[in-house]
Amino acid sequence: MPNVITKPAAPTGKTLSIVFSFRNEEENIEELVRRTRSVLADQRMAAVIASHELIFVNDASTDRSKEILMELAAGHEDIRIINMSRNFGVFPCTFAGFQYASGDGVIYMDSDLQDPPEVIPRLVEKWIEEK
């Protein structure tokens with residue numbers, strides 16, 4: 001059963017949840033969070049979204065990924081960490097992230113930066129067009 005480590009403030013207005021599943025991504029996590037926060041800050045400044053949450057689902061990492069995320073979450077309310085009880089694989093972790101997402105819109109992205117956070121504005125644009 002997943003265990004939620006941190007919780008964001010209650011969202012208001014149009015919110016966006018970004019779900020990442022990860023296993024042993026300590027080399028990518030800081031850059032991923034920095035770039036994602038930057039993109040989402042721009043979206044908030046442009047009044048495209050009111051708030052966001054970053055949901056990280058830990059697929060039983062054995063490196064420092066979780067500790068790094070907890071450090072990045074300190075003093076911020078946007079990061080939620082879900083720890084799986086064992087290694088389940090990408091699909092179950094993605095599904096767990098979707099279950100905990102509270103945004104009006106949800107985006108899944110790979111945590112290895114295969115999906116660059118800079119595509120988020122295009123995805124949000126498409127989502128808004130469809131509404």
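**Close-up views**

**View 1. Asp 78 and Arg 37, both of them buried, meet through their side chains in a salt bridge of 2.8 Å, taken from N to O.** Asp 78 belongs to the loop between helix 2 and strand 4, while Arg 37 is part of helix 1, so the pair ties together parts of the chain that lie 41 residues apart in sequence. Here buried stands for under 20% relative accessible area and exposed for over 50%, with partly exposed in between, using a 1.4 Å probe and protein chains only. A salt bridge requires a side-chain nitrogen of Lys or Arg within 4 Å of a carboxyl oxygen of Asp or Glu, and by this rule the count comes to 6 salt bridges. The model is a predicted one, in which local features need pLDDT of at least 70 and side-chain atom pairs count only at pLDDT 80 or more, whereas totals for chains, interfaces and linings use all residues. Residues are numbered from 1 along each chain as its sequence is written, and side-chain values use heavy atoms, with hydrogens and water left out.

**View 2. Arg 80 and Glu 53 form a salt bridge in which the closest N and O atoms are 3.2 Å apart.** The pair links distant parts of the chain, since Arg 80 sits in strand 4 and Glu 53 in strand 3, 27 residues apart. Arg 80 counts as buried because its relative accessibility is 8%, and Glu 53 is likewise buried because its relative accessible area is 3%. In general, side chains of opposite charge can pair when their charged atoms come close.

**View 3. The protein chain contains 4 helices and 5 strands, which follow the pattern β-β-α-β-α-β-α-β-α along the sequence.** Helices (H or I, at least four residues) and strands (E, at least two) are DSSP runs, numbered from the N terminus. The chain has 131 residues, of which 45% count as buried. Contact is taken as heavy atoms within 4.5 Å; among contacts between residues at least 6 apart in sequence, 80% join residues at least 24 apart.

**View 4. The largest nonpolar core has 24 residues, and those with the most contacts inside it include Leu 16, Ile 18, Ile 29, Phe 56 and Ile 120.** Such a core is a set of buried Ala, Val, Leu, Ile, Met, Phe, Trp, Tyr and Cys residues joined through side-chain atoms within 4.5 Å. Among the elements that give two or more residues to this core are strand 2 (15-22), strand 3 (51-58), helix 2 (65-73) and helix 4 (120-130), while helix 1 gives the most, with 5 residues. Apart from this core lies another, of 8 residues, among them Val 19, Ile 55, Met 84 and Cys 93.

**View 5. Phe 56, placed in strand 3, counts as buried because its relative accessibility is 0%.** Leaving aside residues up to four places away in sequence, the residues that Phe 56 touches include Phe 20, Phe 22, Ile 29, Leu 69, Ile 79 and Arg 80. Phe 56 and Ile 18 are 38 residues apart in sequence and 8.4 Å apart in space, C-alpha to C-alpha. With the same exclusion of residues up to four places away, Ile 29 touches Phe 22, Phe 56, Ser 65, Ile 68, Leu 69 and Leu 72.

**View 6. In helix 4 the buried residues are Ile 120, Val 124 and Trp 127.** Seen down the axis of helix 4, these buried residues fall within an arc of 60°, so they line one face of the helix; the arc is that of the directions from the helix axis to the C-beta atoms. They pack against strand 2, helix 1 and strand 5, whereas the face turned away from the buried side carries the exposed residues Arg 122, Lys 126 and Glu 130. A salt bridge of 3.7 Å, N to O, joins the side chains of Glu 129 and Lys 126, which both lie in helix 4, 3 residues apart, about one turn of the helix.

**View 7. Confidence is lowest in strand 1 (residues 3-4), at a mean pLDDT of 40, and highest in strand 3, at 98.** The pLDDT is the predictor's confidence in each residue, from 0 to 100. Over residues 1-12 it is below 50, and beyond near neighbours in sequence this stretch has 32 contacts in the model. Where pLDDT is low, the predicted coordinates should not be read in detail.
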